[in-house]
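Notebook open, structure on screen. I want to jot down what I looked up, one entry at a time.

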Amino acid sequence: MSMKRLWLVLLLASTGFSATSYVTSGFSRLGQVYSGTLTTATLQAGDMIVAACGQDISTAATYTVSDNHNGSYTAIPSASITGAGSNDEIAFFYFVNTYAGAVTLTFSSTSNANQLYGTYVVLRGPTALSQG
């Protein structure tokens, strides 16, 4: 399992989230940029998207995730991680009850000091989400 997908597994386990099924996921090294995009496969209305983005960075940055149909995602501040690798900084987000169809996620950072990474997982049938 890749380190980037492990972020999402750890997040889901820590929030008490349960779902009836895994739908799809994606990961990309977006480049030394302020923002980048990933497009999902076709989703059903009501799916949940959990996303994470981050950088290997020596100075703090602020992150956001949004998509072209649902708008801005909700940040999960208690799930942010720093120092997970050399200088990793990772932020987590989610959107419940998504739009039906493919969506293009935009991962943004206030810094382009290093490689921006974006990852997501789509789950169907979410039954619980607690922000602790």
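How many bridges join strand 2 to strand 9, and do they run parallel or antiparallel? I found 5 bridges, and the two strands run antiparallel. Here two strands pair if DSSP finds at least two bridges between them, and Thr-37 stands opposite Thr-106 in strand 9.

Ground rules for myself. This is a predicted model, where local features need pLDDT of at least 70, side-chain atom pairs count only at pLDDT 80 or more, and totals for chains, interfaces and linings use all residues. Residues are numbered from 1 along each chain as its sequence is written, and side-chain values use heavy atoms, with hydrogens and water left out.

Overall layout. I get 1 helix and 10 strands, in the order α-β-β-β-β-β-β-β-β-β-β along the sequence. Helices (H or I, at least four residues) and strands (E, at least two) are DSSP runs, numbered from the N terminus. Of the 132 residues, 44% count as buried; buried means under 20% relative accessible area, exposed over 50%, partly exposed in between (1.4 Å probe, protein chains only).

Strand 2 again. I checked its faces over residues 35-39: Gly-36 and Leu-38 make the covered one, while Ser-35, Thr-37 and Thr-39 make the uncovered one.

Cores. A nonpolar core is a set of buried Ala, Val, Leu, Ile, Met, Phe, Trp, Tyr and Cys residues joined through side-chain atoms within 4.5 Å. The largest has 19 residues, and Ile-49, Val-65, Leu-105 and Phe-107 have the most contacts inside it. Strands 3, 4, 8, 9 and 10 each supply at least two of its residues. Apart from it I see another core, of 9 residues, including Met-48 and Phe-92.

Val-65 up close. Setting aside neighbours within four places in sequence, I list among its contacts (heavy atoms within 4.5 Å) Ala-51, Cys-53, Phe-93, Leu-105 and Phe-107.

Thr-40. This one sits in the loop between strand 2 and strand 3, and is buried at 5% relative accessible area. Beyond four places in sequence, Thr-40 is in contact with Gly-101, Ala-102, Val-103, Leu-105 and Tyr-120.

Salt bridge. I count 1, taking a side-chain nitrogen of Lys or Arg within 4 Å of a carboxyl oxygen of Asp or Glu. The side chains of Asp-47 and Arg-124 meet at 2.8 Å, N to O. Asp-47 is in the loop between strand 2 and strand 3 and Arg-124 in strand 10, so the pair ties together parts 77 residues apart in sequence. Asp-47 is buried at 1%, whereas Arg-124 is partly exposed at 22%.
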